[in-house]
Amino acid sequence: MKLSRQFTVLGSAIFCVVIFSLYLMLDHIDYSKNPNGERNQNGQLGILQDKIDHLERLLAENNEIIANIRDSVINLRETVKDGKMFPEGSMSQGNGELLPPAPALLPIHSEDCQFASSKMMFSPAFFQMLDVYDLLSFDNPDGGVWKQGFDISYQDNEWDNEPLQVFVVPHSHNDPGWLKTFDDYYRDQTQHILNNMVVKLHEDSRRKMIWSEISYFSKWWDGIDEQKRDAVKRLIESGQLEVATGGWVMPDEANAHYFALIDQLVEGHQWLERNLGVKPKTGWAVDPFGHSPTQAYLLRQAGLSNMLIQRVHYSVKKHFASQKTLEFFWRQNWDQDSSSDILCHMMPFYSYDVPHTCGPDPKICCQFDFKRLPGGRISCPWRIPPQAITDNNIQERYSYTQRTLFYRKKSKLFRTNVLLAPLGDDFRYTEAVEWDQQFENYQKLFDYMNSHPELHVQAQFGTISDYFEALRKSTGMDPVGMNVGQLAFPVLSGDLFTYADRDDHYWSGYFTSRPFYKRLDRVLESHLRAAEVLYSLTLANIQKYGQPSDYPAVDNYKLLTEARRNLGLFQHHDAIAGTGKDWVVVDYGTRLYHSILNVKRVIVSSAHWLVLKDKPAYYHDPSNPFLQMDDVQPSQDALPRKTILEVGEKPRLLVACNPTEQARTSMVTVYVTTPKVRVLDALGHVVRAQVSAVWNDATLGYVLSFVAQAAPLGLSVYQLMEGMEPRTEAAKYMFLQDGMKISVIHLGMTLKCPENISCLQKMRLKEDDSEFLVKVEFAWYGTTSNKDKSGAYLFLPDKEATIYSPSQPPVVRVTKGPLFSEVTTTFPHITQNLRLYNIHGVEGQSVEICNTVDIRGEINREIAMRITSDLNSKDRFFTDLNGYQVQPRKTMAKLPLQANFYPMTSMVYLQDSGTRLSLLTAQSLGAASLKSGQLEVIMDRRLNQDDNRGLGQGVLDNKITANSFRLLLEKRSSAEEETAPYSYPSLLSHMSFMYLNHPFISMAVSQRSDAPSLIPYSPLSASFPCDMHLVNLRAIQSKVWGGPSEQAALILHRKGFDCGFSNRNTGLLCTTTRGKIHLEKLLTDLKVKSISHVSLSLMHTHSSDANPQEISLKPMEIRTYRLQLS
Ligand SMILES: [Zn+2]
């Protein structure tokens, strides 16, 4: 077998050399002059063409023979190993493979399969959002003064035995960028708010205030003197000032990925710990446009006990108010033992401003917003102004409030006599006089109420935790615990999307608005994560070997900190949401862009140290780094471009970084100056490669793709050399013309291009060869002709989408190659690239879809990708929440079209009893399944007008945007119930997402140096378990100085997965271990010096585990360890 194979390879090699030179000659002449590929039939070139066409056919046949032989060799090898749990360290000789091949049968422990299939027991006090949606009619009747609610009545004597206890909570909502940039808001408003706060809270110890955005607070702190800092510390110690949530921002809960949600929470909490010694207890989220249980889980894991949310669908609020379930324990769908419960308060009314927080009637409540006193800059739209409270009018004012049911009506919507009344709005308390107006007038009201026991009311200023403390006390719960008092409050599971604030105004537009930056966010996330991990490993290595080093540990730490903060800032609910002013978007984009450049500097300088054989030879030269990234983004609003690597006779070294914690075999693509390239791995074996043309710009050389391998979190080294090499093969091209049909087949998947505009037509299941229709098309949405139209927040379509059908047929280019084949279809607004990988690994199992979208010439249109399949999914589909968990969805006819769109951060899928079709995404977008078997994703939106939510502009700053996806079809034999409120991706699906979002990072050794010896770096002796994800290994700042400490935060997530999918030939290079990792045994070189289990953001240290070396996580758990390596 082996002999015949070598013979064939040799034979075809000689054949290839001849063909290849001829081919390239033509390739060069043809495509550089005729970018449209129209072949010149004149003269000698025509004859040459014909000959080459003939030779090409022969070559194709030859290639097919080789591919067949190779496949049978691989199959043979796998058959031999089939059934074995692990392939025993067998380095395949001469095949250029550094890693053991993936087992044909993925070994999964049966215990690891139980989680996804176990049935949950629910108590009667438990309710599911999916059931609530089934129940509601969404009819929106006029509720009177409380427009979206109902008339509230009460008896006068209801509080006779137990007085109403009112906590008025002053707050100021400071957006870190929206109508102004972060810095402009700070300069004009925020710094004055905070400065006045110090003075005005000190004037009266009964005054209180809460603050939540640490991005602003830390900026202010940096500019104030010690005396003022001490004054702030005293306010915090006395309980007058409370930091609520304490994240860097109040994040968007729809578009943010949990990596970034955690990172901004850690950044805020670490800042608080270092500078104030504060540990937040309560979450405060009044403005995010819909709420995710992922955020609830993260707050709980960070040690918070309570949380408050506000923007929830008005029908849901009304229903909860009528059931007195606005306060509940929020439990994760997947939680089997109530350990994720967090006490949550949902605000009942329309907004968090003063008119909507004291009770159901905004006309009344507005009269108690003393910033709106006559003569001020703002007034009450309900036309009755507030009156300053005086000795003369207090009785009248109070009896007015009582007569008009001030506070008492609101209290009727809750189960206890403790009442929350927030007092604030956007950027409130900027001027000293506003503090006086609010605090003095309210104090007079409180004094009056409290001195009249017959009124049965006790009112005071409070912080949000003061309120929750009193609430817990009133129900007999302990101050922080979750289990006592559960009888007092129900348990809710599910999520609170899609938000509507009135009528059919659903906020599903922002799931897609400014998609260019939603993608840029993800690029920074993956690079920041890689930089953090490499940086921490480099520091530990330098410490261990104690070599004098030029490594810029402090400078890199500064770059990392800045990138964490810029990424954190972008998680703000007007940033990643795409709902800021144009220039604010540019400000965010510039921050992301600079941070991407900076974390790349951290990556190359760390990778340089790690792969260098002779460590003392390390040098740091920022102006001319040893390693260079292979792509460059020219500006904040442009797509990245590959840099071209000069390849000559001297070996050019290329380092491939595997940022993930499992070993990986995956495609690396670089641009090179010559098509005659030989690729060698670190052992000197020739690696198979494919050379393709650069179509958009011939000066960019050639595309070289090869299959690289790297250890978990490892760095591989490859050599590129000029020279003829039979294992480097050229791709072949053809353009589809009228009436032509073409199919591209790799590993059982077929791209068929009939005359219409959809190229992907069939997907085949590898298990049983059954074929499924999968059609990819595009569609337009317009906006309604009503007064209110789609804008940055709202999606108000005119009707169902119309299929995209340009008058001109698209240009369809087909690429066929040994490693991948693709079909590129160019329409006026979209260039779609569908790619199949011929790799026996994760990449070979799904279709890669890349849509480059440009709708800059359109008016009031949104463009969607529509995937139609013959799966019988009915009205059910599934979207993820923050990339952390999956939420089952139901498309409902009783809701308008725009209400059936949900946020998609990592994936959307649909399924029937035998099959699941998943679309994995590399950027957050809005998704729906409006018909059985159909998936739809909005890719970009261009809208001419404001949608009346304060932004004051449309969305007209569209960019050329690249959206990337993977489409995965899997055979399903899941035990999951059709109506279960939870669902899990397969391991292959999880891993495909990782490949898409965390690709290999390739870096080339810069041209000038004589190549020093490089060695591959592998910090781990084996892959992490397939279901264990290293969320981050994040260096912790020293408390003594500004630089890094010797510790890092090790953040792990054990993913939930469904075993009801094939585990044959998944290409996964890992196994599962019942959630256990023995870190010390996994590390090759480093040792664990200390490790302790801490809360998510390192605020609390948990009692030490019996054996801290043995890390053990429950399914879905996210856990942080404080780790020191040496
Ligand atoms: Zn806001």
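Student: Which residues are linked in a network of salt bridges?

Tutor: Asp369, Lys371, Arg372, Arg428 and Glu434 form that network. Keep in mind that this is a predicted model.

Student: How many salt bridges does a search of the whole structure find?

Tutor: The search finds 53. Let us go through a few pairs.

Student: What does Arg514 form a salt bridge with?

Tutor: Its partner is Asp957. The closest N and O atoms of the two are 2.9 Å apart.

Student: Are Arg514 and Asp957 buried or exposed?

Tutor: Both residues are buried.

Student: What is the distance between the closest N and O atoms of Glu725 and Arg678?

Tutor: In that salt bridge, the distance is 2.7 Å. Glu725 belongs to the loop between strand E22 (715–722) and strand E23 (728–730), while Arg678 is part of strand E18 (residues 677–680), so the pair ties together parts that are 47 residues apart in sequence.

Student: How do I read burial for Glu725?

Tutor: Look at the relative accessible area. Buried means under 20%. Glu725 has 11%, so Glu725 is buried. Arg678 has 25%, so Arg678 is partly exposed.

Student: Which residue forms a salt bridge with Glu858?

Tutor: Arg861 does, with the closest N and O atoms 2.8 Å apart.

Student: Which residues form a nonpolar patch on the surface?

Tutor: Val554, Val1040 and Trp1041 do. Together they have about 320 Å² of accessible area. Take Trp1041 as an example. Its loop runs between strand E44 (1028–1037) and strand E45 (1044–1054). Trp1041 counts as partly exposed because its relative accessibility is 43%.

Student: Now the inside. What shows where empty space is left?

Tutor: Rolling a probe the size of a water molecule over the atoms shows it. Here, the largest cavity holds about 310 Å³ of space. The lining of this cavity has 30 residues, and the closest to its centre are His257, Tyr258, Gly883, Tyr884 and Phe993.

Student: Which elements each supply at least two residues of the lining of the largest cavity?

Tutor: Helix H8 (258–275), H16, strand E36 (885–890), helix H19 (987–997) and E44 do. By class, the lining divides into 13 nonpolar, 12 polar and five charged residues.

Student: How much space lies in the second largest cavity?

Tutor: About 140 Å³. Residues that line the second largest cavity include Ser536, Leu539, Gln543, Leu1033, Glu1046 and Leu1125. H16, E44, E45 and strand E49 (1118–1125) each give at least two residues to the lining of the second largest cavity. That lining has seven nonpolar, four polar and one charged residues.

Student: What is the phi of Leu1098?

Tutor: Leu1098 has a positive phi of about 70°, and is not a glycine either. The loop between strand E47 (1088–1094) and strand E48 (1110–1112) holds Leu1098. With 2% relative accessibility, Leu1098 counts as buried.

Student: Which residues does a cis peptide bond join?

Tutor: Phe497 and Thr498, where omega is about 0°. Thr498 lies in the loop between E11 and H16.

Student: How far apart in space are Leu720 and Glu649?

Tutor: Their distance is 8.9 Å, C-alpha to C-alpha. In sequence, Leu720 and Glu649 are 71 residues apart. Leu720 is part of strand E22. Its relative accessible area is 0%, so Leu720 is buried.

Conventions:
Residues are numbered from 1 along each chain as its sequence is written. This is a predicted model: local features need pLDDT of at least 70, side-chain atom pairs count only at pLDDT 80 or more; totals for chains, interfaces and linings use all residues. Side-chain values use heavy atoms; hydrogens and water are left out. Patches are made of residues with over 30% relative accessible area and no salt bridge: like charges are joined within 9 Å, nonpolar side chains (Val, Leu, Ile, Met, Phe, Trp, Tyr) within 5 Å. Accessible areas come from the Shrake-Rupley method with a 1.4 Å probe; for residues, only the protein chains shown count as cover. A salt bridge is a side-chain nitrogen of Lys or Arg within 4 Å of a carboxyl oxygen of Asp or Glu. Helices (H or I, at least four residues) and strands (E, at least two) are DSSP runs, numbered from the N terminus. Buried means under 20% relative accessible area, exposed over 50%, partly exposed in between (1.4 Å probe, protein chains only). On a 1 Å grid over the protein atoms alone, a cavity is a set of points where a 1.4 Å probe fits but cannot get out, and a pocket is an open set with protein on both sides within 12 Å along at least five of seven lines; lining residues have an atom within 4 Å of a point. Grid points are joined across faces, edges and corners, and a volume is the space filled by probe spheres set on the points. Ala, Val, Leu, Ile, Met, Phe, Trp, Tyr, Cys and Pro count as nonpolar, Asp, Glu, Lys and Arg as charged, and the others, Gly among them, as polar.
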